[in-house]
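Here are a few friendly notes to read alongside the model. Keep the sequence and the 3D view open as you go.

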Amino acid sequence: MDLGLSGSSDFFSLGTFSAKEIESLLNPNGVRTSYTPSAIQFLLNQGAEYLAQKKPFALETLAETYTTFLKTKSDKILSLTPTTTSTISLQNPLVCSFGIGTADCGFLALDWRLSYVLIDALLGGINGVSIEKKQDEPYSIIETNILSPIINQLLSILAEDRNISITSSELSTTLPILNNNRTRSIFLVKTSAVAGKLCLDLPSSLIPQEKEEYLFSNKHVLDLPIETNAVIGNLETTLSNVLQWQVGTQLTLGNIEELHTNLTVAHKKIATVTLKTETQDRQVSVEAI
């Protein structure tokens, strides 16, 4: 159906409606109603806000210190993103196993990309990784000697962060036999050109446990809007009588001298309620169970 409007019509040249115009269209009588969210809407809003929050990394302080340290070795490093995993996939890793006190052990490993980002920077490279080297070629003695002090410094930072004593072993290119019950921390190190990995394997006793947080605190629950209804008595009547009611009509609900009932939430009794009548006064008492 042709309404006689085109893209050049004045209707389309009016532009967008203002907030005041939209409000007048939605509420033509000018009646403003206050909005109080229901308990369900309150819970949904709080839940959405909670889920949108970033969950903290278990070794957040260590990740920040590692980021600062690695940036001093290569100004090409842009960021370090921490995560956890139960499996490891590292290409041509350089591994340093270490003992923790006398009872446990762990290891720290750099993959090929991160290793050569650092080697390249320390040898004066300017393009992220400019060394002509195949990914599966073994590390040379010079390359190992360049990375050894960096790995030892990473272990020193770990020992200070976790307040533990660490004894490191010689560098290796073979990952230790992995315990499937352990969780590893993976730090994804990014430059403008490549992304490498730093892996840290620690016993669970040294990894901070996330405390379970309830979705809503007591403060939130206390602020929930609640609607209550109380029935003191019932009145049986007819529709014709109801149609004759006017303002001021008195309804006789019976002479209730004393009433005992229970206050329940989700079908669970939480208090007893007693209603007493003395002359023209009525007294209500609530006692928690």
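This is a predicted model: local features need pLDDT of at least 70, side-chain atom pairs count only at pLDDT 80 or more; totals for chains, interfaces and linings use all residues.

1. Helices (H or I, at least four residues) and strands (E, at least two) are DSSP runs, numbered from the N terminus.

2. Residues are numbered from 1 along each chain as its sequence is written, and side-chain values use heavy atoms, with hydrogens and water left out.

3. Look at α4 itself, which is mostly covered: 8 of its 11 residues are buried (under 20% relative accessible area, with exposed over 50% and partly exposed in between; 1.4 Å probe, protein chains only). The buried residues of α4 are W112, L114, S115, Y116, V117, L118, I119 and D120.

4. Next, find the largest nonpolar core, with 40 residues (a nonpolar core is a set of buried Ala, Val, Leu, Ile, Met, Phe, Trp, Tyr and Cys residues joined through side-chain atoms within 4.5 Å). Y66 and L108 have the most contacts inside this core. The elements that each supply at least two of its residues include α3 (60-73), β1 (77-85) and α4 (112-122), while α5 gives the most, with 9 residues.

5. Leaving aside neighbours within four places in sequence, Y66 is in contact (heavy atoms within 4.5 Å) with L80, L108, L154, L155, I157, L158, F187 and L198.

6. Finally, T191 lies in strand β5. Is T191 buried or exposed? T191 is buried, with a relative accessible area of 9%.
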